[in-house]
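Keep the sequence at hand while reading.

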Amino acid sequence: MQRSTNSHLNSFRRISVITVIAVYLLILIGGIVRSTGSGMGCPDWPKCFGSFVPPTSVDQLPPDYQEIYLNKRIAKNERFVATLEKLGFTGKANEIANDKSILVEEEFNPVKTWIEYLNRLAGVVIGLLIVLTVWKSFPLGKYDRLIPILSVFNLVLVIFIGWIGSIVVSTNLLHWMITFHMLLALLLVSLLIYVYHRSGRLIQSKGVKMDIPRRIELVLAVGTFLMLVQIVLGTQVREQIDIISSALGNMLRDEWIGRIGLTFLIHRSFSLVLVGIHVLYFFWAFKYTLRRSHVNLWSQILMILILFEIATGVAMAYFGIPAFLQPIHLLFGTLIIGVQVLLLLEIRENIQFRLNTN
């Protein structure tokens with residue numbers, strides 16, 4: 001590979017890493033937005049109160065601003081409902097059309113407005129970084145055409161995620177839309193990691209390959225799927241907490257967990273299953289991989305993240321769900337998915353190398 005190509009490759013991989021880190025920072029900021037109840041700090045999208053720089057005082061808004069932005073959201077929701085009906089999602093369309101909570105318009109709060117505005121600025125930065133990865137990917141196309149193709153797909157995905165974010169706002173933070181938005185973010189992270197890993201194949205020296213049994217890949221794949229399920233269960237717990245906190249006027253935090261019921265019990269019990277599966281994975285990974293190999297090191301990081309995830313979950317359950325722990329708990333969960341994806345790719349590469357050389 002020529003020196004210029006090595007330069008393009010290294011540049012692409014650096015930008016890819018920065019983009020992945022930025023996406024995780026955006027997930028953390030999104031968690032802060034939700035834990036502070038700032039999701040409707042800007043009632044419109046992509047602007048905030050009709051401006052690219054939001055107001056700092058209610059005096060800067062017209063007296064009937066709530067009615068103005070409510071009507072705009074209603075009009076957007078009607079278009080979205082029509083789109084869902086055309087796509088065959090009649091049930092979801094009816095759910096949105098008949099949801100009276102969507103008609104509730106929050107009063108202006110400068111702190112919540114600026115928290116949500118910073119969240120949107122972070123999203124813009126992600127978009128620019130994705131555009132940069134697309135540009136950096138084109139010189140690599142002559143060696144691997146899938147790299148620029150997937151990079152362009154990631155750009156399309158980011159645009160789609162942005163549009164879904166606008167629907168989340170217009171539907172007044174409809175719960176299942178928030179979950180869908182989160183799953184799309186995890187898909188974006190996974191694809192970014194895959195493209196980064198795939199670009200690594202263009203590097204001539206990739207180190208020593210190991211004879212890793214297939215059962216390690218299988219148990220990790222099961223663990224990854226169950227972690228996704230756990231994240232969805234966690235979003236359902238969060239939805240119940242939102243309802244309970246609203247009913248109690250954001251007071252009596254110590255009672256929130258007790259009022260959730262079965263959803264929380266399933267989420268908590270499911271964590272024990274995840275620990276068991278990952279302990280088994282870690283035992284096999286430690287047994288069959290070389291010390292200081294990528295698989296071994298990332299496996300250690302995975303177990304540390306799982307321990308921190310459990311610790312923050314326990315802390316929230318026993319200390320009245322502190323607001324500052326909620327985004328941290330979410331961040332650890334999404335980081336686990338990213339590390340699992342990276343490990344699956346590394347293990348698959350080692351297995352494929354072994355099959356090709358036998």
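Lysine 92 and glutamate 95 are 3 residues apart in helix 3 (residues 90-97), so about one helical turn separates them. The model is a predicted one. These two residues form a salt bridge, in which the closest N and O atoms are 3.5 Å apart. Lysine 92 is partly exposed, at a relative accessible area of 32%, and glutamate 95 is also partly exposed, at 34%.

The count of salt bridges comes to 4. Another of them joins arginine 120 to glutamate 116, with 2.9 Å between the closest N and O atoms. Both residues belong to helix 4, where they are 4 residues apart, about one turn of the helix. Arginine 120 and glutamate 116 are both buried.

A further salt bridge pairs aspartate 144 with arginine 198, the closest N and O atoms being 2.6 Å apart. This pair links distant parts of the chain, 54 residues apart: aspartate 144 is in the loop between helix 4 and helix 5 (146-170), while arginine 198 is in helix 6 (residues 175-200). Both aspartate 144 and arginine 198 are buried.

Next come the aromatic rings. The structure holds 9 aromatic pairs. One of them is edge-to-face and consists of phenylalanine 49 and tyrosine 69, at 5.5 Å centre to centre with 90° between the planes. Phenylalanine 49 lies in the loop between helix 1 (3-35) and helix 2 (65-86), and tyrosine 69 lies in helix 2, so the pair ties together parts that are 20 residues apart in sequence. Phenylalanine 49 is buried, with a relative accessible area of 9%, and tyrosine 69 is buried at 7%. Tryptophan 114 and tyrosine 117 form an edge-to-face pair as well, at 5.2 Å centre to centre with 75° between the planes. Both of these lie in helix 4 (residues 110-137), 3 residues apart. Tryptophan 114 is partly exposed, at 29% relative accessibility, whereas tyrosine 117 is buried, at 12%. Phe49 and Tyr69 also belong to one aromatic cluster with Tyr65 and Phe108.

The charged end of arginine 13 sits over the ring of tyrosine 196, 4.0 Å from the ring centre. Arginine 291 lies over the face of phenylalanine 286, at 3.9 Å from the ring centre.

Tyrosine 196 is also one of the contacts of serine 16, along with Thr133, when neighbours within four places in sequence are left aside. Serine 16 is in helix 1. Its relative accessibility is 4%, under the 20% limit, so serine 16 counts as buried. The side chain of serine 16 reaches the backbone oxygen of phenylalanine 12 at 2.8 Å.

Leaving aside neighbours within four places in sequence, leucine 188 is in contact with Val23, Ile130, Asn154, Leu157, Val158 and Ile161.

Technical notes:
Residues numbered from 1 in each chain as written. Predicted model: local features only at pLDDT ≥ 70, side-chain atom pairs only at ≥ 80, totals over all residues. Heavy atoms only, no water. Contact = heavy atoms within 4.5 Å. Phe/Tyr/Trp six-rings, centres within 6.5 Å; stacked < 30°, edge-to-face > 60°. Helix = DSSP H or I, 4+ residues; strand = E, 2+ residues; numbered from the N terminus. Buried < 20%, exposed > 50% of the residue type's maximum accessible area, 1.4 Å probe, protein only. Lys NZ or Arg CZ within 6 Å of the ring centre and 35° of its normal. Polar contact = N/O pair within 3.5 Å; in protein donor to acceptor, adjacent residues only side chain to side chain. Salt bridge = Lys/Arg side-chain N within 4 Å of Asp/Glu carboxyl O.
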